Amino acid sequence: APDHPAHGYFVGRYARTRAELAASLEVTRAQGVLRDGVDPALAAVVIIAVMDGLQVQWLLDRESVDMACALRDHIAGLLTVPFPARVQVS
């Protein structure tokens, strides 16, 4: 609800997340690995929607939903190069 104390926080959080993700996708496009016709701003909205939906499904049935795998598969469909199966963080 717009009058809830946390409303502004979440509106801002989604706006920042969309902007950062769209900027990353713009870089991906500049590198030549984003599929032709993919609009970075729209793709950012859809990626967030996919992740939100996956989180709800995972919360309802953690045994049946692999959020990371499903999100990785979605993002891989946006790219012209293979998406790594796992990203190592050092």
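Reader: Which residues make up the largest nonpolar core?
Author: This is a predicted model. Its largest nonpolar core has twelve residues in all. They are Ala22, Leu25, Leu34, Val38, Ala43, Ala44, Ile47, Leu54, Val65, Leu71, Leu78 and Leu79.

Reader: Which helix gives the largest share of this core?
Author: Two helices each supply at least two residues of the core: H1 (7-30) and H2 (40-60). The largest share is four residues. That share comes from H2.

Reader: Is leucine 25 buried or exposed?
Author: Leucine 25 lies in helix H1. The cut-off for buried is under 20% relative accessible area. Leucine 25 has 8% relative accessibility, so it counts as buried.

Reader: What is leucine 25 in contact with, leaving aside neighbours within four places in sequence?
Author: Leucine 25 is one of the core residues. Its contacts beyond those neighbours are Leu34, Pro40, Ala43, Ala44 and Ile47.

Reader: How far apart in space are leucine 25 and aspartate 73?
Author: In sequence, 48 residues separate leucine 25 and aspartate 73. In space, C-alpha to C-alpha, the separation is 16 Å.

Reader: What does leucine 34 touch, not counting residues up to four places away in sequence?
Author: Leucine 34 also belongs to the core. Its list includes Leu25 and Pro40.

Reader: What span does H1 reach from its first C-alpha to its last?
Author: H1 has 24 residues. At 1.5 Å a residue, 34 Å is expected. The span of H1 is close to that, at 35 Å.

Reader: Which residue just after H1 takes a positive phi?
Author: The phi value is about 80°. The residue is glycine 32.

Reader: Is the pair of tyrosine 9 and phenylalanine 10 stacked or edge-to-face?
Author: The structure holds one aromatic pair. The ring centres of tyrosine 9 and phenylalanine 10 are 4.8 Å apart. Tyrosine 9 is partly exposed at 49% relative accessibility, and phenylalanine 10 is partly exposed at 42%. The planes of the two rings stand at 85°, so the pair is edge-to-face.

Reader: Which ring does the charged end of arginine 62 sit over?
Author: The charged end of arginine 62 is 4.1 Å from the ring centre. The ring is that of tryptophan 58.

Notes
Residues are numbered from 1 along each chain as its sequence is written. This is a predicted model: local features need pLDDT of at least 70, side-chain atom pairs count only at pLDDT 80 or more; totals for chains, interfaces and linings use all residues. Side-chain values use heavy atoms; hydrogens and water are left out. A nonpolar core is a set of buried Ala, Val, Leu, Ile, Met, Phe, Trp, Tyr and Cys residues joined through side-chain atoms within 4.5 Å. Buried means under 20% relative accessible area, exposed over 50%, partly exposed in between (1.4 Å probe, protein chains only). Contact means heavy atoms within 4.5 Å. Rings of Phe, Tyr and Trp (its six-membered ring) pair if their centres lie within 6.5 Å; planes under 30 degrees apart count as stacked, over 60 as edge-to-face and the rest as tilted. A charge sits over a ring if NZ of Lys or CZ of Arg is within 6 Å of the ring centre and within 35 degrees of the ring normal. The expected span of a helix is 1.5 Å times one less than its number of residues.
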